[in-house]
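Here are my notes for you, written as a few numbered points. Keep the picture open while you read.

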Amino acid sequence: MVAGKNVNLDLNGKTISRGLTAKRAGGQVLTVYGVLDIKSSVGEGIVTGGFGEGGGGVLLSSTHANLTLNSGATISNNQANTGGAVYVTGGANLTLNGGKISENKVYVSGGGVFVANGVFNIKSGTITGNKSISSSNNILGGGVALDSLSAKAIMTGGTISKNEAQKGAGVSMLAGAQFVMNTGTITENVYDVQGGGVWGWHDKISVKFTMTGGTISNNTPISTSGYHAGGGVWMGEYAETEITGGTVSGNVCTNEAGFVASGKLNMFGGTIRGNKGGYGGVFCGSNTQVNIKGNPKVTGNIATDGITSNFFRN
């Protein structure tokens with residue numbers, strides 16, 4: 001697509017496929033420089049078969065690039081190093097508005113979506129069954145990976161579910177990225193090390209997770225042996241977490257707790273309940289700055305030894 005052009009694409013149940021079985025430069029199915037709205041009025045329309053370096057399905061690469069994925073439109077079964085379905089850079093914008101991002105695979109980060117520089121608005125629709133796979137211990141963001149100070153995702157609806165990664169099976173954040181969850185659901189994602197639902201860390205630049213509503217629930221480790229921490233949320237050093245609403249529940253881990261905050265935790269509302277494993281509900285490191293006000297609820301969480309344990313500080 002040429003910059004400055006606006007295109008409305010109705011797939012009408014058809015499939016656009018590159019049919020690639022090996023990675024190549026420029027292996028994405030679509031490259032967007034202008035404004036593209038995709039929908040499918042009849043049946044499911046699919047963008048598939050891409051295999052690129054950054055972005056298997058779609059590459060958004062300029063401030064003029066704006067992709068909206070509407071009802072009936074699906075980006076699925078693409079592969080890349082980063083951004084299995086969509087790679088966002090150059091200040092571009094991606095909006096999920098009833099569409100689906102599913103069954104994509106990467107070998108570094110962002111099984112579904114990788115945001116290097118830009119904004120991802122999740123309004124409705126699903127991000128499901130995407131995988132970040134490698135023998136490395138730093139494979140991030142099964143559903144969504146946010147990777148810089150200029151990367152942000154805002155969730156006001158939709159579902160992120162059944163994605164897989166070693167860290168941040170639902171959503172991961174690095175290097176100053178921000179994730180805001182107002183409503184929506186992050187559920188049934190599978191992780192191997194940390195952060196079944198949401199994960200954030202950087203050794204110098206703060207990342208930030210803000211939760212005002214929605215649900216993070218029933219995220220689980222890939223196995224019951226080994227180190228698995230933060231079944232719902234894992235936020236490391238130089239990470240800021242602010243909770244004013246929403247629920248983190250039913251997540252499973254073997255270490256630390258269902259909700260881990262090692263940087264700064266502002267908890268002014270919300271509910272953390274029924275998480276299992278480690279020390280139970282909330283785990284804070286010895287250097288965590290904790291600020292609790294209002295009426296947050298931390299209840300019914302169960303530690304690995306079977307004892308109810310809601311709040312633990314190392």
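1. Start with who touches whom. Of the contacts in the chain with a separation of 6 or more, 83% are between residues 24 or more positions apart. Keep in mind as you look around that this is a predicted model.

2. What is the chain built from, in helices and strands? The count is 36 strands and 0 helices. The radius of gyration is 19 Å, close to the 20 Å the globule rule gives for 314 residues, so the chain is as compact as a globular protein of that length. If you box in the C-alpha atoms along the principal axes, you get roughly 55 × 40 × 35 Å.

3. Buried residues make up 56% of the 314 residues. The chain exposes about 11,600 Å², and carbon and sulfur atoms supply 48% of that area. As for charge, there are 21 positive and 15 negative side chains, with the centres of the two sets 5 Å apart.

4. Next, the cysteines. A disulfide is a covalent bond between the sulfur atoms of two cysteines. How many disulfides does the model have? The count is 0. For Cys253, the nearest cysteine sulfur belongs to Cys284 and is 14 Å away, while a pair has to be within 2.5 Å to count.

5. Have a look at Ala261, which sits in strand E30 (residues 259-261). Is Ala261 buried or exposed? Its relative accessibility is 0%, and under 20% counts as buried, so Ala261 is buried. Leaving aside neighbours within four places in sequence, Ala261 is in contact with Met235, Phe283, Cys284, Gly285 and Thr288. For a sense of distance, Lys5 is 256 residues from Ala261 along the chain, and their C-alpha atoms are separated by 44 Å.

6. Ser148 lies in the loop between strand E17 (144-146) and strand E18 (151-161). Why does Ser148 count as buried? Its relative accessibility is 18%, and the cut-off is under 20%, so Ser148 falls on the buried side. Not counting residues up to four places away in sequence, Ser148 touches Ala116, Asn117, Leu174, Ala175, Gly176 and Ala177.

Key. Residues numbered from 1 in each chain as written. Predicted model: local features only at pLDDT ≥ 70, side-chain atom pairs only at ≥ 80, totals over all residues. Heavy atoms only, no water. Helix = DSSP H or I, 4+ residues; strand = E, 2+ residues; numbered from the N terminus. Rg over C-alpha atoms; globule rule 2.2 N^0.38 Å. Buried < 20%, exposed > 50% of the residue type's maximum accessible area, 1.4 Å probe, protein only. Contact = heavy atoms within 4.5 Å. Areas by Shrake-Rupley, 256 points an atom, 1.4 Å probe, with all protein chains shown as cover. Lys, Arg positive; Asp, Glu negative; His and termini not counted. Charge placed at Lys NZ, Arg CZ, Asp CG, Glu CD.
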